[in-house]
Amino acid sequence: LRRPLVSYWAMRYGADLKTPIAGIHGPKVMLIDETAGSGADMLPWMFRRNKLGPLVGKRTWGGLVGILGYPVLMDGGMVTAPNAGIWAEEGWVAENVGVAPDVEVEQLPADVMAAHGVGHDDLARTPPSPAVRTVMQTLATDATAWLPTRNHPRLPRHARAAALPAVLARRDLARPPTHPRSLGDRLAVLWAFGGYERKARGRCPLDPR
């Protein structure tokens, strides 16, 4: 979630690609509630610590001390004890206190039932829950100025010249094998590469001309 947008790739066909390709580079909001514990305590804590966006919902459960690596007893029973806890410079992470939301939204049973279409009126299509509405409103507000339309700069002439034969070859694939190349196509390739060579001639120390 922290991977920043670095650059774009101008593709010959299709839309531009971005680097890194995998990443959520727009505004972010996280939903939390009182049933979120353990790793679901840790994730919103890291989300806030790295300033990725607001938390919406209810305070998380607050249980990050783990019970790991205890064997099963010979009668099939089990005994556990806490043996791992997470801490940072400010102390224990979320233990017994949870992670509080930036925007508190109560999930009332009636709202949850209505969001799943099981209200008393038994509507097939129901509005989203208050927490989801808050998230969508926040994203709509933050996204308006985040990523304006970006057009890549005009390609340099030598790049356009290098691409021209491939473009013509691709067009040739759709032609019958006996179709001759036109004089205009040949002149276009000669003109493009001739212009690039003339431009580079004066600055290339290896050019014997």
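Let me start with lysine 58, which is buried, with a relative accessible area of 16%. This is a predicted model, so please keep that in mind throughout.

Lysine 58 forms a salt bridge with glutamate 104, and the closest N and O atoms are 2.6 Å apart. Lysine 58 sits in the loop between β4 and β5, while glutamate 104 is in strand β7, so this pair ties together parts that are 46 residues apart in sequence.

At 40% relative accessibility, glutamate 106 counts as partly exposed. Put together, Lys58, Glu104 and Glu106 are linked in a network of salt bridges.

How many salt bridges does a search of the whole structure find? It finds four. One of them joins glutamate 90 to arginine 49, with the closest N and O atoms 2.8 Å apart. Glutamate 90 lies in the loop between β5 and β6 and arginine 49 in helix α1, so parts 41 residues apart in sequence are tied together. Glutamate 90 is exposed, at 56% relative accessibility, and arginine 49 is partly exposed, at 43%.

Next, aspartate 41, which is found in helix α1 as well. What is the nearest side chain of opposite charge to aspartate 41, and how far away is it? It is arginine 59, at 8.8 Å. A salt bridge needs the nitrogen and the carboxyl oxygen within 4 Å. Aspartate 41 has no salt bridge, although it is buried.

The side chain of aspartate 41 does have a polar contact: it reaches the backbone nitrogen of glycine 63 at 2.9 Å. Leaving aside residues up to four places away in sequence, aspartate 41 touches several others, including Thr60, Trp61, Gly62, Gly63 and Leu64. Ala94, Gly98 and Val99 are also among the residues it touches.

Last, the surface. Methionine 46 is in helix α1, which covers residues 39-49. Is methionine 46 buried or partly exposed? It is partly exposed, with a relative accessible area of 33%. Together with Leu1, Ile24 and Leu43, Met46 makes a nonpolar surface patch of about 340 Å².

That is where I will stop.

Technical notes. Residues are numbered from 1 along each chain as its sequence is written. This is a predicted model: local features need pLDDT of at least 70, side-chain atom pairs count only at pLDDT 80 or more; totals for chains, interfaces and linings use all residues. Side-chain values use heavy atoms; hydrogens and water are left out. Patches are made of residues with over 30% relative accessible area and no salt bridge: like charges are joined within 9 Å, nonpolar side chains (Val, Leu, Ile, Met, Phe, Trp, Tyr) within 5 Å. Accessible areas come from the Shrake-Rupley method with a 1.4 Å probe; for residues, only the protein chains shown count as cover. Helices (H or I, at least four residues) and strands (E, at least two) are DSSP runs, numbered from the N terminus. Buried means under 20% relative accessible area, exposed over 50%, partly exposed in between (1.4 Å probe, protein chains only). Lys and Arg count as positive and Asp and Glu as negative; His and the chain ends are not counted. A polar contact is a pair of N or O atoms within 3.5 Å; within protein, one must be able to donate a hydrogen and the other to accept it, and residues adjacent in sequence count only if both atoms are side-chain atoms. Contact means heavy atoms within 4.5 Å.
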